[in-house]
Amino acid sequence: MQLVPEIGVAQLAKKGEELCGDAVEISRTSESTIIVLSDGLGSGVKANILSTLTTKIAAHMMCQNVPVNEVVETIVQTLPTCKVRGLAYSTFTIIKVNRMGEVHLFEYDSPPILKLSKGKAELISTSTKRIFGKKIGEAYFKLAENEILVIVSDGVTQAGLGEILPLGLGIDGLVHNLENNIDITGNAQEIANQLIEMCETFYAQEPGDDTSVVTLRLRKAKDAVVFTGPPKDSSRDSEIVEKFMNTANVKIVCGGTTAKIVAREINKPLKVNLSYIDPEVPPIAEMEGVDLITEGILTLSKGLELLERNCSKFDSLDGASLLVKELLECDKITFMVGTQINPAHQNPELPLPLRMRKSIVERWKEQLIARGKIVEIYWF
Amino acid sequence: MRKVKLEICSGTSCHLMGSFDLNQVVNNLKPQYKEHLEISVIPCLGECGEGPNIRFNGILYTQVTPERLKKMIIQSTQK
């Protein structure tokens, strides 16, 4: 069975710093997903440069199937040396997971990796080997569906150090919280968010170190289709609605007229939710057989804005937040975009995005691809 | 008393032209008026250039202002 890793990332920058000194890079190849977490020496810009270089080099080389000793050698020889400490240093954890759930792990000077299975957390034990003078931990193991990996930087294990928790959270504290206080039924991003909020609390809102959490959950692949805009040729309505209803397991309609076309073709009543959650986003609607129905271009624009601002929380129940949340949980997204123009939308007094469905959908594609999704667009 | 059927368009154009304000009028109505209304929101009434639009007892009204809607509701419930 083909499984896909659902990944969540949440970070805190050290108090007083604008940039987080930890970096996370996620790359996908046709066979596997590569996740690299690195903690650069120090904090702020310098640490961020070190960790970003490390993650970029490691992820790129791992994607090309370069052996790990060459990856380590390249990182060690490339990192700039700190003037103060005379060191070129950053930790890293590299995870490579394929579609069968087989995981290959390397780490250097990082906190242990945790595997969560049926509510129990266990440390992944690694064997050590020396590569280019560095002690590299390595492990091979298999991850089953719904099992979760938790990868953290030392900002997590040191949370609360010297303050609320005299010795810091520690790996035992992390295990205890994962087993008892964190709701692990949510998606990977929700778990990462909960863990980072927990660390922020232990730090009393003033993180003493850059803090990063990466969570990975294996689940079955999930596809979505987004139908937006009426077909240019209305005689194709029924053919296109049929395609929409048979394309993917999550079905989303963005657009009032489009929703009315679907309702007519599948002969189901369309009911608009009366309440406005957000004055900027028109209300959502409901129809049997369709998972989410939102207004069209304004909701798409607002959702795109959330993605481009790199929001990681989508708690609101407005159409745009629901749309982004739903699509980020999917792996393959097909946009079916009708090109019929609503003459009223061409009114120059109305905002520009209204006349730019094409460019908004293209920007959605870019944002989703950057988050590791496979995106296709059909125009008709 | 027969209920008055009010449908408010929430399509893109109508939203931009002020259908949110029409919804606010309805939300803020006193219970004595609200109980005589059967309110629904619909995705598009097809008169996008003339919004915000409503259908009041089956009749389409365009360019409806909050004041006008309030007046229509009060008048209809007093009949």
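## Cores and salt bridges

A:I252 touches A:V225, A:V226, A:F227, A:F244, A:V290, A:L292, A:L323, A:E326 and A:L327, leaving aside residues up to four places away in sequence. Contact here means heavy atoms within 4.5 Å. This is a predicted model, in which local features need pLDDT of at least 70 and side-chain atom pairs count only at pLDDT 80 or more, while totals for chains, interfaces and linings use all residues. Side-chain values use heavy atoms, without hydrogens and water, residues are numbered from 1 along each chain as its sequence is written, and chains are lettered from A and ligands numbered from 1 in the order in which they are written.

A second, separate core of 26 residues includes A:L116, A:V152, A:I184 and A:Y203. A nonpolar core is a set of buried Ala, Val, Leu, Ile, Met, Phe, Trp, Tyr and Cys residues joined through side-chain atoms within 4.5 Å. Buried stands for under 20% relative accessible area, exposed for over 50%, and partly exposed for in between (1.4 Å probe, protein chains only).

Back to A:I252: together with A:L323, A:L327, A:I333, A:F335 and A:W364, A:I252 touches the most other members of the largest nonpolar core, which has 29 residues. Among the elements that give two or more residues to this core are β13 (250–254), α9 (319–328) and β17 (332–337) of chain A. The biggest share comes from α8(A), with six residues. Helices (H or I, at least four residues) and strands (E, at least two) are DSSP runs, numbered from the N terminus.

Now for the charged side chains. Over all chains, the structure holds 20 salt bridges, each a side-chain nitrogen of Lys or Arg within 4 Å of a carboxyl oxygen of Asp or Glu. Here are three of them.

| A:E25 | A:K56 | 3.1 Å |

What does the pair A:E25 and A:K56 tie together? A:E25 lies in strand β2 (residues 22–28) and A:K56 in helix α1 (residues 44–63) of chain A, so the pair ties together parts that are 31 residues apart in sequence. A:E25 is buried, at 18% relative accessible area, whereas A:K56 is partly exposed at 46%.

A:E190 in helix α5 (residues 188–202) and A:K325 in helix α9, both of chain A, are 135 residues apart.

A:E362 and A:K358 are four residues apart in helix α10 of chain A, so about one helical turn separates them.
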